[in-house]
Amino acid sequence: MESIVIVGAGHAGVQAAEALRVSGFKGSITLLGDETYGPYHRPPLSKAWLAGEMNSEQLVMRAPEILARKAIELRTGTAVNRIDRAAKLVKLSDGSALSYTGLVLATGATPRSLSLPGSDAQGVFTLRSRDDASAIAAHMAVCGEKQLPVIVIGGGFIGLEVAATACKKGLSVTVLEAAPRLLGRVLAPVLSEWYAQLHRGHGVRLVFDARVAAIEADVQGGISGVRMANGTLYPAGLVLVGIGVVANDQLARAAGLACDRGIVVDSCGRTNDPLIVAAGDCTVRRLTDGSLIRLESVQNANEQGKSAAATLMGIDKPFTATPWFWSDQFDRKLQMAGLSMGADQWAVRGEMAAGTFSVYHFKGGQLLAVDSVNASKDHLQARKLLEASVSPTQQQAADVSFDLTGLLSH
Ligand code: FAD
């Protein structure tokens, strides 16, 4: 009988498993996850879950009984330690082995850690898993009782979402960002500045061009503060390190699959082994021009999961959709459509001062991406424009009285 083994029970792994059943796969599907929980939603970990506004049931992505009904065998607390491609089996952490006729790698990513003196002190956290978020929430409660400040190292999405959540809990928060602006790799300067104002407006202190030298500990081994290269000490009860992630491609590399800061796949999730596909944060995707793209988002994980499953069924279902992403900070929802890298012109539609607007990114006059803040309608419309490769002019984009949807009917 055919048997498909999926390594990683996150967004990509679950999508792949379910897509296999939807397309009529009749063999066995085993979904292996090294965490003790069944599949859960990761994005709320820095938002509603960390804020205590969500319960454990709401965090569940797919209940084990729903998977069981689809004949998907979920094994939690089970890591794959090795892939034996010649024997077509995976070696598991309990010492057993599982053979496969098709293998899906959906192992996600691991937060980058700081390699500075004191980085392993009690009270220094990264955030990826439900356990990480629970530990951070518990430590934030102690900071609240003792009035200890929170320091966030890294002004990217996860750092800023945690900063906003900590601030909402009444904690004093400082964000230390090595670059001269927030979210510099993904947002236009005008939007970085808007986010800086949003955070400052809620009392978050922002430090740019920050050079962290060490985390200082007290006599009990708990942290006391963050020491900067210029000698400044920022007292801290909790330090959240949000400086990006590294793809979990170790298994694939050890098995001799092509990797380049992620498992290299094509738009259908194929690796260089015809029996092995990969999806989600553990991958880098080769585009038609030969370049590699790394996306870390729920949409990417879901869509790649579906493409990878189709590939194992012998069907070509390339993932070519417009990328989208969201981030919640305070009462503002950012929704991004497309990729703005390389943009040379921008237009703002709506009222930045009122916090409801969209930034349209252009390259050579062609629309590349749209970042919308509390403007869901613009976001959905942007996805349609980008899918159809229809571009408004800068003037049309900036003019709220101009109906952009009308461009789609031409
Ligand atoms: P994961 O969800 O990480 O799942 C991989 C799983 O595989 C993990 O459970 C891992 O433990 C397991 N695993 C790894 N190695 C093995 C092994 N050898 N054996 C067995 N199991 C293994 N994206 C958005 O689009 N919007 C957001 O607002 C957003 N917010 C986020 C907030 C936080 C705090 C975090 C951490 C991420 C956020 N993301 C967001 C990113 C999004 O969650 C990821 O892109 C998505 O989870 C990727 O799914 P995945 O299945 O590839 O990886």
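## Exercise 1: A glycine in a strand

Gly225 is part of strand β14, which spans residues 223-228; strands (E, at least two residues) and helices (H or I, at least four) are DSSP runs, numbered from the N terminus. The model is predicted, so local features need pLDDT of at least 70 and side-chain atom pairs count only at pLDDT 80 or more, while totals for chains, interfaces and linings use all residues. Residues are numbered from 1 along each chain as its sequence is written, and side-chain values use heavy atoms, with hydrogens and water left out.

**Task.** Decide whether Gly225 is buried or exposed, and state how far apart Gly225 and Gly123 are in sequence and in space.

**Solution.** 
Step 1. Recall the classes: buried means under 20% relative accessible area, exposed means over 50%, and partly exposed lies in between (1.4 Å probe, protein chains only).
Step 2. Gly225 has a relative accessible area of 0%, so Gly225 is buried.
Step 3. Gly225 and Gly123 are separated by 102 residues in sequence and by 10 Å in space, C-alpha to C-alpha.

## Exercise 2: Sequence distance and spatial distance

**Solution.** 
Step 1. Gln381 belongs to helix α10. With 13% relative accessibility, Gln381 counts as buried. Along the chain, Gln381 and Thr405 are 24 residues apart, and their C-alpha atoms are separated by 6.7 Å.
Step 2. Tyr100 is found in the loop between β6 (97-99) and β7 (102-105). A relative accessible area of 3% makes Tyr100 buried. From Tyr100 to Gly364 there are 264 residues in sequence and 48 Å in space, C-alpha to C-alpha.
Step 3. Asn374 sits in the loop between β26 (366-373) and α10 (376-387). Its relative accessible area is 28%, so Asn374 is partly exposed. Asn374 and Ala254 lie 120 residues apart in sequence and 44 Å apart in space, C-alpha to C-alpha.

## Exercise 3: The ligand and its shell

**Task.** How many residues surround the ligand, and why does the ligand lie between domain 1 and domain 2?

**Solution.** 
Step 1. The shell consists of 31 residues, and the closest are Asp34, Glu35, Arg42, Lys47 and Arg128; a residue is near a molecule if one of its heavy atoms lies within 4 Å of it.
Step 2. By class, the shell holds 14 nonpolar, 10 polar and seven charged residues. Here Ala, Val, Leu, Ile, Met, Phe, Trp, Tyr, Cys and Pro count as nonpolar, Asp, Glu, Lys and Arg as charged, and the others, Gly among them, as polar.
Step 3. A polar side-chain atom of Arg128 is 2.7 Å from an oxygen atom of the ligand. A backbone N or O atom of Ala12 lies 2.8 Å from a ligand oxygen atom, and a polar backbone atom of Asp281 is 2.8 Å from an oxygen atom of the ligand.
Step 4. Of the 1000 Å² of accessible area that the ligand has on its own, the protein covers 93% (Shrake-Rupley method, 1.4 Å probe).
Step 5. The elements giving two or more residues to this shell are α1 (11-22), α9 (298-312) and β22 (324-329).
Step 6. Domain 1 (3-110 + 245-313) and domain 2 (124-241) both give residues to the shell, so the ligand lies between them; the domain bounds come from an automatic or database domain assignment.

Definitions and conventions
A polar contact is a pair of N or O atoms within 3.5 Å; within protein, one must be able to donate a hydrogen and the other to accept it, and residues adjacent in sequence count only if both atoms are side-chain atoms.
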